[in-house]
Amino acid sequence: MATYHTYASNDDLRDYLAGTSYSANWTSDAGIITRILEASSKRIDNHIGMISFGPRIDTRYYDIGSGALRNSRQNIRASIGNTTIGLTQSLSNSVVLDDWLISATSVTAYKSTDRASNESLTEGYDNDYWLLPYNDSPKVEIELNEDTAKSFHAGQQTLAITGEWGYSNTTTPEKTTTGTVGEAVTSWGVNDASGLSASQTILVDSEQMYITSISSNTLTVIRGVNGTTAVAHTAGTSVYAYEYPNLVAQACLDLAKIYYRDRDLGVIQTIGTGEMNITRASNEARSVLKTLDEYKASTPDTVVFF
């Protein structure tokens, strides 16, 4: 799934490069700025190892190696010949997720790879599973309730989780639509476009849209992005713009500034020797990305349980 989450807007970068509130007087380079910001955001995602800090609706599938994960010992398989050589010494009833999960809307356990039968699981004390960590978000693991009679079953793609994936779903204060927005309309008005900019993702009802340009109070957008569906919206509907962690937004601006400034410099790492030299942008960019390493602490690994 293509994701449309850019961690700083066109106006943010223009202000950052040229001075506070200068963006209103700078209307050139829109396409270049968008591409640079999108590339900077994708490089951040690649560095952290996750799909996106911003939310998206998706179904993700997981493999279970053998047996049923419900407080039962699992087979240990030999790497050669795939033969059973013993049992684990600890009970395992959890699966590590391969992306940040904000909330789950459905969890389905298929009983084998052929997916001929399945059972739905629900969260809570008297139900089937918990999302971990208990007291923090995003979630990075799903664990069966010790009292449930249900299981995670062996096979490929035998666990399916549908929900809102991403680091957070924080939004800015709302704007409102000025008229009805049909499901196929790509340009429509808001009561006040101040604070909105190209390269922002917005939320209208349950639909996410990606702003490509703004003229006065009219937005031009890509409809139904990030796993959501384009639907009609009535006049006066609230419009929210997604926000991202401050450290992530600043890193996006820093990377974009490097790329914008360094577009024509070439690929040489360092020009000059001794005290007089110019450091190539790739070294500077690595330093920027390193400021985000704390987010790797909440990054799960993709695993198959055996």
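**Entry 1: Asn 226**

I began with Asn 226, which is buried at a relative accessible area of 2%. I take buried as under 20% relative accessible area, exposed as over 50% and partly exposed as in between, with a 1.4 Å probe and protein chains only. Asn 226 has a positive phi, near 60°, and is a residue other than glycine. I found Asn 226 in the loop between strand E13 (218-222) and strand E14 (238-241). Helices (H or I, at least four residues) and strands (E, at least two) are DSSP runs numbered from the N terminus.

I noted that this is a predicted model, in which local features need pLDDT of at least 70 and side-chain atom pairs count only at pLDDT 80 or more, while totals for chains, interfaces and linings use all residues. Residues are numbered from 1 along each chain as its sequence is written, and side-chain values use heavy atoms, with hydrogens and water left out.

**Entry 2: the whole chain**

I looked up the totals next. The protein chain has four helices and 16 strands. Of its 306 residues, 43% are buried. A contact means heavy atoms within 4.5 Å. Among contacts between residues at least 6 apart in sequence, 67% join residues at least 24 apart.

**Entry 3: other backbone angles**

I then checked Ser 199, which is not a glycine but has a positive phi of about 80°. Ser 199 sits in the loop between E10 and E11, and its relative accessibility of 2% counts as buried.

I also looked up cis peptide bonds. One runs from Leu 132 to Pro 133, with omega near 0°. Another joins Ser 137 and Pro 138, with omega about 10°. Pro 133 is in the loop between strand E6 (129-132) and strand E7 (139-144), and Pro 138 lies in the loop between E6 and E7 as well.

**Entry 4: helix H1**

Which residues of helix H1 are buried? In H1 (residues 10-18) I found Asn 10, Leu 13 and Arg 14 to be buried. Seen down the axis of H1, these buried residues fall within an arc of 100°, so they line one face of the helix. The arc is that of the directions from the helix axis to the C-beta atoms. The buried residues of H1 pack against helix H2 (30-48) and helix H3 (246-261). After H1 comes Gly 19, with a positive phi near 125°.

**Entry 5: salt bridges**

I counted a salt bridge when a side-chain nitrogen of Lys or Arg is within 4 Å of a carboxyl oxygen of Asp or Glu. The structure holds eleven salt bridges.

Asp 11 forms one with Arg 14, and their closest N and O atoms are 3.7 Å apart. The two are three residues apart in helix H1, and so about one helical turn separates them. Asp 11 is partly exposed at 24% relative accessible area, whereas Arg 14 is buried at 7%.

Glu 284 and Arg 261 also meet in a salt bridge, at 2.9 Å from N to O. This pair links distant parts of the chain, with Glu 284 in helix H4 (residues 281-290) and Arg 261 in helix H3, 23 residues apart. Glu 284 is partly exposed at 29% relative accessibility, and Arg 261 is partly exposed at 48%.

I also noted a network of salt bridges that links Arg 56, Asp 58, Arg 60, Asp 98 and Asp 99.

**Entry 6: strands**

Two strands pair if DSSP finds at least two bridges between them. What is the order of the strands in the open sheet? I read six strands in the order E9-E14-E11-E12-E13-E10, with antiparallel pairing. Strand E9 (175-176) and strand E10 (187-189) are the edge strands, each pairing on one side only. Strand E11 (residues 201-204) and E12 pair antiparallel over four bridges, and Ile 202 stands opposite Met 209 in E12.

Elsewhere, strand E4 (residues 94-110) runs antiparallel to E5, and four bridges join them. Val 107 stands opposite Leu 121 in E5.
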